[in-house]
Structures are given as C-alpha cells and as structure tokens.
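This briefing covers strand pairing, aromatic contacts and nonpolar cores. Please view the sequence and the model first.

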Amino acid sequence: MKKDIFIPKVENVYIAVVNEYNEIYNSQDWNAYIINNKDVDLEMVLIVTSGYNEGKITSTFRKKLERLPAKSYAKIELMQEELFALNNTFKVSFFEGNTMYDKTFLFRKNTINLKALQPIPLMDVKGVLVK
C-alpha cells in the first residue's frame, strides 16, 4: 500500500544559482551549486538537470558526486542566461547512511536574475536559492 511506504523528507540540502566573476574568461557567469548544510556527509549524490517550457525542452545533464562532505558545497554546472526563460529542474538523489533521499528543486522561469539575489548559506556570496 502506498500509505505504508516511508518517504524521508530532504532538509538542509539546497540548490543555488550564483552570479560570479570568472577570472579565466574575465566574465560574469551563472553557476549552479549543491549545498549540504547538514552535519553529516552525503554519499552517491546524483543530480539530473533539465529545462522546459510549453514549447521547449533542453538536453538532460547528469552529474555524480561520490561524497559531499558536511557543511560544504560543490559546483554542478555553468548556466547560460538563455535558460532562465525556462523552468529549470534539479533532481537530486543521495544516501545519508543507509537511507536514500530524493528531491526535485525547481527554479521557475525568470526567477533567476540579479534582482533576486540573496545571501547563500555556507558560500559567503549572493545568489538565487531553492530549498
């Protein structure tokens, strides 16, 4: 029965899109990060990203991290500004101990912009955060 299945709630794991200076190309870039604000490490982190709207679907991007230490973050991908007109999803699965967690983070279209910047936990930068 569906009511008998325990689905653990994901807490203290976030996705942030940060506008930061790229010293190699002398440009301002938007980068997506996964943030582990837990006191435990995450293992076998799988991230599947894609963008969509009524008429468009982007390619699917996949990233795997063997381990994301407690109170840390990792870059997922560089995001082109053209993608911000789409809904962008980040499907994240990971193990905490022997329990598997899964959550989809959604940045709705046009919500990633310079006016929406806020402080990002652990990173000491400003960006757009989805909890």
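Is strand E2 (residues 27-36) mostly covered or mostly uncovered? Strand E2 is mostly covered, with eight of its ten residues buried (buried is under 20% relative accessible area, exposed over 50%, partly exposed in between, with a 1.4 Å probe and protein chains only). The model is predicted, so local features need pLDDT of at least 70 and side-chain atom pairs count only at pLDDT 80 or more, while totals for chains, interfaces and linings use all residues. Residues are numbered from 1 along each chain as its sequence is written, and side-chain values use heavy atoms, with hydrogens and water left out.

**Strand E2 and its partners**

- Strands here are DSSP runs of at least two residues, labelled E and numbered from the N terminus; two strands pair if DSSP finds at least two bridges between them.
- Strand E1 (residues 13-22) pairs with E2 in the antiparallel sense over ten bridges, and Ile15 stands opposite Ile34 in E2.
- Four residues lie between the strands in the hairpin of E1 and E2, where Asn26 takes a positive phi near 50°.
- E2 is also joined to strand E5 (residues 72-79) by seven bridges, and the two run antiparallel. Asn31 has Leu78 in E5 as its bridge partner.

**Aromatic pairs and a charge over a ring**

- Rings of Phe, Tyr and Trp (its six-membered ring) pair if their centres lie within 6.5 Å; planes under 30 degrees apart are stacked, over 60 edge-to-face, and the rest tilted.
- The count by this rule is four aromatic pairs. In one of them, the ring centres of Trp30 and Phe84 are 5.3 Å apart and the planes stand at 85°, so this pair is edge-to-face.
- Trp30 lies in strand E2 and Phe84 in the loop between E5 and strand E6 (87-96), so the pair ties together parts 54 residues apart in sequence.
- Trp30 is buried at a relative accessible area of 4%, and Phe84 is buried at 7% relative accessibility.
- Tyr33 and Tyr73 also form an edge-to-face pair, at 5.8 Å centre to centre with 75° between the planes. This pair links distant parts of the chain, with Tyr33 in strand E2 and Tyr73 in strand E5, 40 residues apart.
- Tyr33 counts as buried at 8% relative accessibility, whereas Tyr73 at 38% counts as partly exposed.
- Lys38 lies over the face of Tyr101, at 5.6 Å from the ring centre (the rule asks for NZ of Lys or CZ of Arg within 6 Å of the ring centre and within 35 degrees of the ring normal).

**Nonpolar cores**

- A nonpolar core is a set of buried Ala, Val, Leu, Ile, Met, Phe, Trp, Tyr and Cys residues joined through side-chain atoms within 4.5 Å.
- The largest nonpolar core has 25 residues, of which Ile34, Val45 and Phe90 touch the most other members.
- A second, separate core of eight residues includes Val18, Tyr33, Ile120 and Met123.
- Beyond its neighbours within four places in sequence, Val45 has contacts that include Ile34, Leu65, Leu68 and Val92 (contact is heavy atoms within 4.5 Å).

**The open sheet**

- Four strands form an open sheet in the order E4-E3-E6-E7, with antiparallel pairing.
- E4 and E7 stand at the edges with a single partner strand each, so one side of each has no neighbour in the sheet.
- E3 and E4 pair over seven antiparallel bridges, and Leu42 stands opposite Leu68 in E4.
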